[in-house]
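Here are some notes for a colleague who has not looked at this structure before.

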Amino acid sequence: MNEIGTVTDRDGAPRGKAARAPSLWLTVLALIVFVVLIALGIWQIERRAWKLALIDRVEQRVHATAQPIPSPASWPAVSATNDEYRHVSVTGRFLHDRETLVQAVTEEGPGYWVLTPLQRSDGTQVLINRGFVPSGRRAASTRQDGNPDGQVEITGLLRITEPKGGFLRNNVPQHNRWYSRDVAAIAAARGLHDVAPFFVDADAGSQSAGGPIGGLTVVRFPNNHLIYALTWFALAFMLAAKLFVTFGGGLFRRKTALDGFVHEPAGGPDVAARRTGSDAGTIVEQA
């Protein structure tokens with residue numbers, strides 16, 4: 001004999017099944033996602049603290065009094081963390097016949113950076129990014145008046161080499177196409193020796209009239225970490241709220257669904273409908 005129980009409400013209408021709790025594996029997965037979201041939010045808070053410290057450090061370097069560039073003995077230890085954007089000075093003589101043009105887009109429009117080796121008295125050389133020229137002044141003959149021949153002192157910001165080309169574009173030295181300021185590659189292509197592993201972005205004030213436009217270095221560090229952190233924490237909060245509603249609300253609904261109902265076994269082959277009290281629910285069983 002098969003027995004099929006049907007739960008009806010106080011008015012005799014059948015009532016649907018109570019919502020089931022999510023399966024165990026789905027619950028575990030949700031908890032893992034919650035932990036990951038919290039971890040991502042904390043990580044972004046830590047990244048924000050690091051970025052603020054970096055911005056403060058760079059601001060101090062940029063506005064400090066210019067100091068001589070690092071000595072050749074310390075060149076292997078030069079790094080972005082310790083040295084980039086330091087305000088430095090260097091003295092020497094430009095080798096204009098070995099300049100390199102690197103494609104650039106600046107506030108002045110599209111054009112080129114002019115990188116010229118500076119020959120120092122100790123025999124070493126430093127690449128100087130003298131500044132920007134538009135495409136119409138690409139040829140050196142169009143800016144002869146701005147190319148000093150004698151000893152010069154250049155002040156500017158120390159920059160770290162940019163190997164492997166620019167965004168989605170690789171340098172092609174054999175065709176003299178440059179998209180990034182790769183010191184080692186430029187030195188090899190121009191036959192330079194004892195070259196510093198960094199270059200210097202020249203200040204506007206250290207350039208000759210009629211030469212490239214210096215002082216266009218963009219010092220900007222995006223700092224959206226707080227927004228990212230709030231996003232991760234908000235997602236974690238919404239997931240936690242969903243879990244609470246699913247488990248807490250599900251238990252409440254199941255308890256409510258069972259209140260006022262009494263299960264009575266069938267008393268014979270006929271359908272039996274019994275009511276306990278004047279407003280109780282009815283359990284109907286069929287034999």
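1. A term is needed at the outset. A residue is called buried under 20% relative accessible area and exposed over 50%, with partly exposed in between. By that scale Asp 122, with a relative accessible area of 44%, is partly exposed. The model is a predicted one.

2. Helix 1 covers residues 24–62, which makes 39 residues. From its first C-alpha to its last it reaches 57 Å, close to the 57 Å expected at 1.5 Å a residue. Among the buried residues of helix 1 are Thr 27, Leu 37, Gly 41, Lys 51, Val 58 and Arg 61.

3. Strand 3 pairs with strand 2 (residues 67–68) in the parallel sense, through two bridges. In that pairing Pro 68 stands opposite Ser 89.

4. Two antiparallel pairings also involve strand 3. With strand 7 (residues 151–160) there are seven bridges, and Arg 93 has Gln 151 of strand 7 as its bridge partner. With strand 5 (residues 109–119) there are two bridges, and Phe 94 stands opposite Leu 118 there. As a general point on reading such strands, side chains in a regular strand alternate between the two faces of the sheet.

5. Which residues have the most contacts inside the largest nonpolar core? They are Val 90, Val 126, Ile 128, Ile 154 and Phe 198, in a core of 16 residues. Strand 3, strand 6 (125–134), strand 7 and strand 8 (195–202) each supply at least two residues of this core. The largest share, four residues, comes from strand 8. A second, separate core has 14 residues, including Phe 132, Ile 186, Ala 187 and Phe 199.

6. Leaving aside neighbours within four places in sequence, Ile 128 is in contact with Val 90, Phe 94, Val 114, Leu 115, Thr 116, Leu 118, Ile 154, Val 200 and Ala 202.

7. How many salt bridges are there? The count comes to seven. One of them joins Glu 84 and Arg 159, at 3.3 Å from N to O. Glu 84 lies in the loop between helix 2 (80–83) and strand 3, while Arg 159 is in strand 7, so the pair ties together parts that are 75 residues apart in sequence. Glu 84 counts as buried at 15% relative accessibility, and Arg 159 counts as buried at 9%.

8. Asp 83 forms a salt bridge with Arg 86, and their closest N and O atoms are 3.2 Å apart. Asp 83 counts as buried, at 12% relative accessibility. Arg 86 is partly exposed, with a relative accessible area of 35%.

9. Asp 122 returns here as the partner of Arg 120: their side chains meet in a salt bridge at 3.6 Å, N to O. Why does Arg 120 count as buried? Its relative accessibility is 19%, and the cut-off for buried is under 20%. Elsewhere, salt bridges that share partners join Glu 84, Arg 159, Glu 162, Arg 181 and Asp 201 into one network.

How values were computed
Residues numbered from 1 in each chain as written. Predicted model: local features only at pLDDT ≥ 70, side-chain atom pairs only at ≥ 80, totals over all residues. Heavy atoms only, no water. Pairing = 2+ DSSP bridges. Expected span 1.5 Å × (residues − 1). Buried < 20%, exposed > 50% of the residue type's maximum accessible area, 1.4 Å probe, protein only. Salt bridge = Lys/Arg side-chain N within 4 Å of Asp/Glu carboxyl O. Core = buried A, V, L, I, M, F, W, Y, C linked by side-chain atoms within 4.5 Å. Contact = heavy atoms within 4.5 Å.
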